[in-house]
Every structure is written in structure tokens, then in C-alpha cells.
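Hi,

Here is the structure I promised to pass on.

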Amino acid sequence: MADKMFQRMLAQVRRIPRGKVATYGDVAYASGFPGSARQVVWALRSGSGNGVPWHRVLGAGGKILLPGESGFEQRMRLHNEGVAFIGQRVDMKLHRHAFFGRSAPKKKKARARR
DNA sequence: GATATGACGTCAT
DNA sequence: CATGACGCCATAT
């Protein structure tokens, strides 16, 4: 069931060329599951290790959300691929991978006051 | 089946 | 920029 979802998400991640990055939300959207950014995480945690450049997947804004050493390793790998860092984040302006030309449209703003 | 959790995203304050 | 709240959905217990 969900395996299909992971396969698709992982497939998108694999499409990210060296020196490029993407956000969880973008991967989810490109995979056909807008809003399921969390599932991308599961896909990476459970299905990574197989030619899946998990280190090219970041949080919104190019922030590395990985805790501990993994995060450190990710930062190092990206930096090694030529990714420019701005403080603790990645320069999405230059490295954001445009999946198939379609970019995730920003959400609506009318969110009824709470 | 219900509840809690999580490498998230976005908006409001 | 920090904090809080809500949405989204597959796993784990």
C-alpha cells in the first residue's frame, strides 16, 4: 500500500542530481502526495541506503533537520558536492532542484483566525 | 481501533 | 527570529 508511496518518493529523491537539493515538502509534492512531507521522512528512514541520496533532502528553507552526527555528515556531504551553505542552511536559491518544472504552490493565506 | 510519535510545512502572534 | 497551533499521514504500541 504505502510501499508505492515510498517507492515514488524515493524515486524522486534519486532524481536529484549532484549539487542539488530538495525539501521534504517538494519531494512529497513531486511524488504526488502534497502535504505528506512526513511520509518522505519515513521513506528515507526505512528505504534509504540504496542509491538514495537522502542527504540531498532538507527541511523547508534549506535547513538540515537531522539530529546528531547524521546531520553533521549530511552537511559535510552536501558541502563536498559543491552546495553553498549560508550559516546553518543551504542556499536553496541556487541548489533547489526543480523536479519537473512544477513547483509546489504556496498555501492559501486565508486560514480563518484562530 | 485508539493514542502517541515524528529527519515536516505553513500561518498567526 | 521564536513560539504556538493546526494539518497530514504512515508506524509503533
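The second largest pocket has a volume of about 300 Å³. A pocket here is an open set of points on a 1 Å grid over the protein atoms alone, where a 1.4 Å probe fits, with protein on both sides within 12 Å along at least five of seven lines; lining residues have an atom within 4 Å of a point. Grid points are joined across faces, edges and corners, and the volume is the space filled by probe spheres set on the points.

Bear in mind that this is a predicted model: local features need pLDDT of at least 70, side-chain atom pairs count only at pLDDT 80 or more, and totals for chains, interfaces and linings use all residues. Residues are numbered from 1 along each chain as written, chains are lettered from A and ligands numbered from 1 in the order written, and side-chain values use heavy atoms, leaving out hydrogens and water.

Back to that pocket: its lining includes Tyr24, Val41, Leu44, Arg45, Trp54 and Val57. Helix H3 (residues 37–47) gives the most to the lining, with three residues. Helices are DSSP runs of H or I with at least four residues, strands runs of E with at least two, both numbered from the N terminus.

Val57 and Leu44 turn up again in the largest nonpolar core, which has 16 residues; Met9, Val13, Val27, Val40 and Phe99 are also among those with the most contacts inside it. Such a core is a set of buried Ala, Val, Leu, Ile, Met, Phe, Trp, Tyr and Cys residues joined through side-chain atoms within 4.5 Å. Buried means under 20% relative accessible area, exposed over 50%, and partly exposed in between (1.4 Å probe, protein chains only). Helix H1 (2–15), helix H2 (24–31) and H3 each supply at least two residues of this core. Apart from it lies another core, of eight residues, including Val21 and Leu58.

What is Val57 in contact with, leaving aside its neighbours within four places in sequence? The partners are Val13, Ala22, Thr23, Tyr24, Val27, Val40, Leu44 and Gln74, where contact means heavy atoms within 4.5 Å.

Six of its eight residues are buried, so H2 is largely enclosed by the rest of the structure. Tyr24, Asp26 and Val27 are among the buried ones. After H2 comes Gly32, with a positive phi near 100 degrees.

For the overall picture, chain A has five helices and four strands, and 37% of its 114 residues count as buried.

Cheers
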